[in-house]
Amino acid sequence: MKRIEAVIKPFKLEDVKEALTGAGITGMTVSDVKGYGRQQGHSELYRGAEYVVDFLPKIKLDLIVNSEDVDNVVKIIAEAAKTGKIGDGKIFVSSVEKIIRIRTGEEDEEAI
């Protein structure tokens, strides 16, 4: 089992969700996060005063998938989230040692 974490632009969430749902992925956790990378934020003008926005709003997706599905899921997320501009985001893949569904006590693949 693998954990896929993807940090994407907020307006791409629906595109990614629809693409994953179409591929049979039924569950994910979505969080509002802030961060920056190479962009280093940007400056904005508000009522005549310039200020720096250091942390940009992003969406973080967390999914747990079977190991054999990882490449397909990563490809789907990358294609659906891509705008071709700086700040499109990142995808991280890591191993999951154990999953337990609290309600039923099911473990590992049965708990996905």
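1. Start with Val 16. Leaving aside neighbours within four places in sequence, Val 16 is in contact with Ile 8, Leu 61, Ile 77, Ala 80 and Ala 81. Keep in mind that this is a predicted model.

2. Val 16 also belongs to the largest nonpolar core, which has 17 residues. Together with Leu 20, Leu 61 and Ile 77, Val 16 touches the most other members. Two or more residues of this core come from each of E1, H1, E5 and H2. The most come from H2, which gives six. As background, nonpolar side chains in soluble globular proteins tend to be buried together.

3. Next, the sheet. Four strands form an open sheet in the order E2-E5-E1-E6, and their pairing is antiparallel. Strands E2 (29-35) and E6 (89-95) are at the edges; each has a single partner strand, so one side of each has no neighbour in the sheet. On average, neighbouring strands are turned by 20° against each other, direction ignored.

4. One pairing can be followed in detail. Seven bridges join E2 to strand E5 (residues 56-65) in the antiparallel sense. Here Asp 32 stands opposite Ile 59 in E5.

5. Which strands does helix H1 touch? Helix H1 (residues 13-22) packs on the sheet and touches strand E1 (2-8), E2 and E5. The direction of H1 makes about 15° with that of E5.

6. The other helix to check is H2 (residues 70-81), which lies across E1, E5 and E6. Helix H2 runs at about 5° to E1.

Note on methods. Residues numbered from 1 in each chain as written. Predicted model: local features only at pLDDT ≥ 70, side-chain atom pairs only at ≥ 80, totals over all residues. Heavy atoms only, no water. Pairing = 2+ DSSP bridges. Axes fitted to C-alpha atoms, helices over the stretch in contact; angles between N-to-C directions. Contact = heavy atoms within 4.5 Å. Core = buried A, V, L, I, M, F, W, Y, C linked by side-chain atoms within 4.5 Å. Buried < 20%, exposed > 50% of the residue type's maximum accessible area, 1.4 Å probe, protein only.
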